[in-house]
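Open the model in a viewer and keep the selection tool at hand. The stops below can be taken in order.

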Amino acid sequence: MKSTLLAISALVALVSSAPVSLISRSPPNIPDGSTARAQLEGLTVAAQGSQTGYSRELFPHWITQSGTCNTREIVLKRDGTSVMTDSACASTSGSWFSPYDGATWSAASDVDIDHVVPLSNAWKSGAASWTTSLRQAFANDLTNPQLIAVTDNVNQAKGDQGPETWKPSVTSYYCTYAKMWIKVKSVYSLTVTSAEKSALTSMVSSC
């Protein structure tokens, strides 16, 4: 456990120092199919841990990233098209395509930033033992495919569910979704349940 936490702490430093890119319209560092399948095989299978003690406040999120821009605004800018912002970095216009359900929105208020691996899921698969700074890095990670702009009510319907009980309604996105989930769990050494691994194996087989 100590070696895992040391490795993830090094990742925190990398994430914190990484430059913010606003060019790509999709989450960064999504692995290819073969890499994702290998990463999936490297994940530890374990029963899901307890929800006891969990609070979203233990994962400080939407922190200031640059100037007046917080994590949410950075992702809205990255994932949107022709996004315009005001002096407070709030998105005032643009369009956002939600790959989970295929919808396109013209108001930022209709868009949520989804944590691909939900905070609660992370808590129950290893993050309960992390430091607050590590949980903050996880909740604001712009380096790995952990954050994505999607339709707000779709994100809310997903909640803290894993791929064994919730998948995007756009079936052609299963491959990408599974690759993102696997990458994040691999980077942060989070466990998967047997049902979760089975679902991911099926989803990534389409890649």
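Select helix α7 (residues 174–187) and helix α8 (residues 194–204) in this predicted model. Their axes lie 8 Å apart and the angle between them is about 135°. The two helices are therefore oblique to each other, and α7 passes α8 in a left-handed crossing. Now show the side chains where the helices meet. From α7, pick Tyr174, Cys175, Tyr177, Ala178, Lys179, Trp181, Ile182 and Lys185; from α8, pick Glu196, Leu200, Met203 and Val204. Coloured by class, the residues of this contact divide into 9 nonpolar, 3 charged and no polar.

Next, select helix α3 (residues 71–79). Of its 9 residues, 8 are buried, so α3 is largely enclosed by the rest of the structure. The buried residues are Thr71, Arg72, Glu73, Ile74, Val75, Leu76, Arg78 and Asp79. At the N-terminal end of α3, zoom in on Asn70, which caps the helix. A side-chain oxygen of Asn70 lies 3.1 Å from the backbone nitrogen of Arg72.

Is Ser91 buried or exposed? Ser91 has a relative accessible area of 15%, so it is buried. Its side chain makes a polar contact of 3.2 Å with the side chain of Glu73, one of the buried residues of α3. Leaving aside neighbours within four places in sequence, select the residues in contact with Ser91: Glu73, Leu76, Val83, Met84, Thr85, Trp96 and Ala108.

Terms used. Residues numbered from 1 in each chain as written. Predicted model: local features only at pLDDT ≥ 70, side-chain atom pairs only at ≥ 80, totals over all residues. Heavy atoms only, no water. Buried < 20%, exposed > 50% of the residue type's maximum accessible area, 1.4 Å probe, protein only. Polar contact = N/O pair within 3.5 Å; in protein donor to acceptor, adjacent residues only side chain to side chain. Contact = heavy atoms within 4.5 Å. Axes fitted to C-alpha atoms, helices over the stretch in contact; angles between N-to-C directions. Helix = DSSP H or I, 4+ residues; strand = E, 2+ residues; numbered from the N terminus. Parallel < 35°, antiparallel > 145°, perpendicular 65-115°, else oblique. Left-handed = near helix turned anticlockwise from the far one by under 90°. Nonpolar A, V, L, I, M, F, W, Y, C, P; charged D, E, K, R; others polar.
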